[in-house]
2 protein chains.
Amino acid sequence: MKKSLGAKPLALPSPVWVIGSYDSHQQPNIMVISWGGICCTTPPCVAISIRKTRSTHTNIMKHNAFTINIPSRRHLVETDYAGLVSGINFDKFSATGLTAVKSSLVNAPFVKEFSLIMECELLHIIDIGSHTQFIAKILDVKADEAVLGNNGLPVAEKVDPIISSACDSAYYALGDYLERAYSPGMALLEGPQLWTLKNS
Amino acid sequence: MKKSLGAKPLALPSPVWVIGSYDSHQQPNIMVISWGGICCTTPPCVAISIRKTRSTHTNIMKHNAFTINIPSRRHLVETDYAGLVSGINFDKFSATGLTAVKSSLVNAPFVKEFSLIMECELLHIIDIGSHTQFIAKILDVKADEAVLGNNGLPVAEKVDPIISSACDSAYYALGDYLERAYSPGMALLEGPQLWTLKNS
């Protein structure tokens, strides 16, 4: 018997992403979000949700662009700080020592020190309630050579992303590699008796 | 200097969620998704993206409801299997031995054996491209008593969720607890000289 916990946004895992944007004076800002995720493969799109009162909300509405910067565990302090203060009053790049680099593809800055970033162009704005969801096309992914594997793609352990738990409002590290996708489930396909065809 | 990897949905981390739905004959089905995330706090909402060809897509369009079932590491085989075959041809509950329980709130089944589930009512449908995004209101979260902490909320380590990496198409475990949110960044607030007020 499961216990009812009420209507709450208690998902696991949630990402910890740093959103880069410019204000109306082209001053770079960063904020942290955990409400978001990839939302389409073709075209590659990502969705992030932001409260209307945040300066990043204003910035995205103005420039139709943002970057997603994936922090590593070693940038936990800078990342958490970006969620503590508002870009309206604070120059968060200066306070953290992080470096804003202007994207050549969209009018938004990315964080030089973070190993994996995405440059995003706004496609859809969905007003949900406390949060506005921005769906954006990923125009390019850029990564430091140091986090790339033999196949030329980022290796999760090298990126060392931070994971958020909405259940206890805490940060976690990425854990052990378990298995390749579409692999462990093959065990249930091996015995023909387990192929439970409907209506057969 | 970062290397350009092109327009790809390479985010970290992504969730591994099992979506429960009924077909037009009220037969329960499950599928696995990694494109999704919480998208609003008030009302609590979640977004999941599904290809139009999947039977879960048809089911959600019909019943305006689904459940999100968060698998633990011990259900990796059953979870991966749910992503290997189609609900059009296979009775995945029967094949995995998992138990479908009808939600009393929405017309969708949840997975009894999974410790943390959400019952969701469809709010918005956004056609993005290869994938349709379904935004749904979380009507209730239900959890096994065994995964709850002293505050009555689920403890991430006890839920033991699976994490997906789109970069290498692999499953990972949740790693070490790092810090509470809004805590490590306080270090950058302690010295007044670090309060870099804009225009001051």
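**Close-up 1. Strand S11 of chain A pairs with strand S1 of chain B in this predicted model.** The pairing is antiparallel and runs over 3 bridges. A:Ala143 stands opposite B:Lys3 of S1(B).

**Close-up 2. Chains A and B share an open sheet of 6 strands.** The strand order is S2(A)-S12(A)-S13(A)-S13(B)-S12(B)-S2(B). Pairing is antiparallel. Strand S2 (14-15) of chain A and strand S2 (14-15) of chain B are the edge strands, because each pairs on one side only. Within chain B, strand S12 (residues 162-165) pairs with strand S13 (residues 170-180) over 4 bridges, again antiparallel. Here B:Ile163 stands opposite B:Tyr172 of S13(B).

**Close-up 3. Chain A meets chain B across a contact between 97 residues of chain A and 98 residues of chain B.** Strand S13 (residues 170-180) of chain A gives the most to chain A's side, with 11 residues. That side divides into 58 nonpolar, 24 polar and 15 charged residues.

**Close-up 4. B:Phe114 is a buried loop residue of chain B.** The loop lies between strand S9 (109-111) and strand S10 (116-127). B:Phe114 counts as buried because it has 27 C-beta neighbours inside 10 Å, and the cut-off is 20 or more. Leaving aside neighbours within four places in sequence, B:Phe114 is in contact with B:Val18, B:Asn69, B:Ile70, B:Pro71 and B:His75. B:Val159 is 45 residues apart from B:Phe114 along the chain, and their C-alpha atoms are separated by 8.7 Å.

Note on methods: Residues numbered from 1 in each chain as written. Chains lettered and ligands numbered in written order. Predicted model: local features only at pLDDT ≥ 70, side-chain atom pairs only at ≥ 80, totals over all residues. Contact = placed C-beta atoms within 7 Å. Helix = DSSP H or I, 4+ residues; strand = E, 2+ residues; numbered from the N terminus. Nonpolar A, V, L, I, M, F, W, Y, C, P; charged D, E, K, R; others polar. Pairing = 2+ DSSP bridges. Buried ≥ 20, exposed ≤ 12 C-beta atoms within 10 Å, placed from the backbone.
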